[in-house]
Structure formats: C-alpha cells, structure tokens
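Open the structure in a viewer and keep the selection tool at hand. The stops below say what to select and what is there.

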Amino acid sequence: MNTGILIIAHAPLASALRACVLHVYPDAGDGIRALDVPANENPDVTRAAALALLRQFGAPQALVLTDVFGATPCNVAQKVVDGHQSKLVVGVNLPMLLRTVNYRHEPLDVLVTRALAGGTQSIMQVAVTAPQNQHRKTHDQHQHNHSQ
C-alpha cells in the first residue's frame with residue numbers, strides 16, 4: 001500500500017509542486033494532495049482543510065511535507081500529524097518530493113529517510129563555466145585534430 005503524501009505550503013507552492021510531480025509520475029495523482037495556504041488565512045481553516053485532505057487517503061498514515069519551519073503551513077501541519085500515524089518533513093523541494101513519490105510504497109519511516117536524502121542530496125554547486133570555454137586536455141586536442 002502506498003503512503004499518502006500531503007503538501008502544505010504557502011500558495012501557490014503546494015499545487016505547483018504537485019503539478020510538477022504529476023508531470024513525471026502521472027499515475028500518482030490519487031496519492032498526492034496539495035494544500036495552498038493563502039496569506040492571512042485563519043490557521044483553523046487551514047487545519048480543517050488539511051484534515052479533510054488526509055481523510056481522503058483512506059489510510060491510517062501519511063507523509064506531510066511543508067515549506068518553511070515556523071510558518072503557518074508548518075505550524076498547522078504539526079497539529080495535524082500530532083496523535084496520528086503520520087510524519088512531518090519541513091523544507092520540501094521538488095527533488096525531495098520526486099524521491100518520496102518514487103518510493104511511496106516503502107514503510108513510512110523509510111520514506112522519511114528517503115525524503116530527507118532526496119532533498120539534501122539535490123543541493124549542490126554547479127560549475128558555471130561553459131564546457132566550450134574550458135581548456136582541453138592533451139588527448140582531447142589530439143582527437144580534435146584528427147577529427148578535422
């Protein structure tokens with residue numbers, strides 16, 4: 001059985017992340033819900049909406065992902081998962097979500113580990129120098145001269 005995934009984030013991030021995931025995993029739509037939290041929305045309204053979305057999974061557990069620790073979406077999510085067989089991970093990004101959806105069939109604790117790894121391992125510095133501007137190695141020069 002797949003774990004349900006609920007994204008609670010500042011509007012429009014949650015639904016945008018869900019749309020991106022469905023581009024890669026079009027069959028995962030039933031297992032992923034998104035709750036966009038508008039600015040200045042009453043946290044009780046957000047909480048009620050989140051609980052309703054969790055009930056739609058029809059499963060006792062879910063993974064809840066939010067964007068910023070200490071912000072309203074996270075605060076609401078903490079209350080939503082409290083007392084349930086659900087886990088909360090903060091700092092959602094697209095690589096984290098893709099990894100989570102890919103492994104949604106695994107047990108919830110393993111899924112949390114996969115989410116954390118997917119989110120952190122995707123953060124890296126990338127060289128900004130274009131390959132055509134980099135110096136060629138000696139053997140590249142030799143091969144380049146023979147190909148002309």
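Predicted model: local features only at pLDDT ≥ 70, side-chain atom pairs only at ≥ 80, totals over all residues.

Residues are numbered from 1 along each chain as its sequence is written, and side-chain values use heavy atoms, with hydrogens and water left out.

Select residues 13-24, helix H1. Helices (H or I, at least four residues) and strands (E, at least two) are DSSP runs, numbered from the N terminus. Now pick out Ala-14, Leu-17 and Val-21, the buried residues of H1; buried means under 20% relative accessible area (1.4 Å probe, protein chains only). Looking down the axis of H1, they fall within an arc of 70°, so they line one face of the helix; the arc is that of the directions from the helix axis to the C-beta atoms.

Next, select Leu-97. Among the residues that Leu-97 touches are Ile-5, Leu-17 and Leu-65, where contact means heavy atoms within 4.5 Å.

Finally, go to Ser-86, in the loop between helix H3 (72-81) and strand E4 (87-90). Ser-86 is buried, with a relative accessible area of 12%. Among its contacts are Pro-60, Val-81 and Leu-108. A polar atom of the Ser-86 side chain lies 3.2 Å from the backbone nitrogen of Ala-62.

Conventions
Expected span 1.5 Å × (residues − 1). Buried < 20%, exposed > 50% of the residue type's maximum accessible area, 1.4 Å probe, protein only. Polar contact = N/O pair within 3.5 Å; in protein donor to acceptor, adjacent residues only side chain to side chain. Lists of a residue's contacts leave out its neighbours within four places in sequence.
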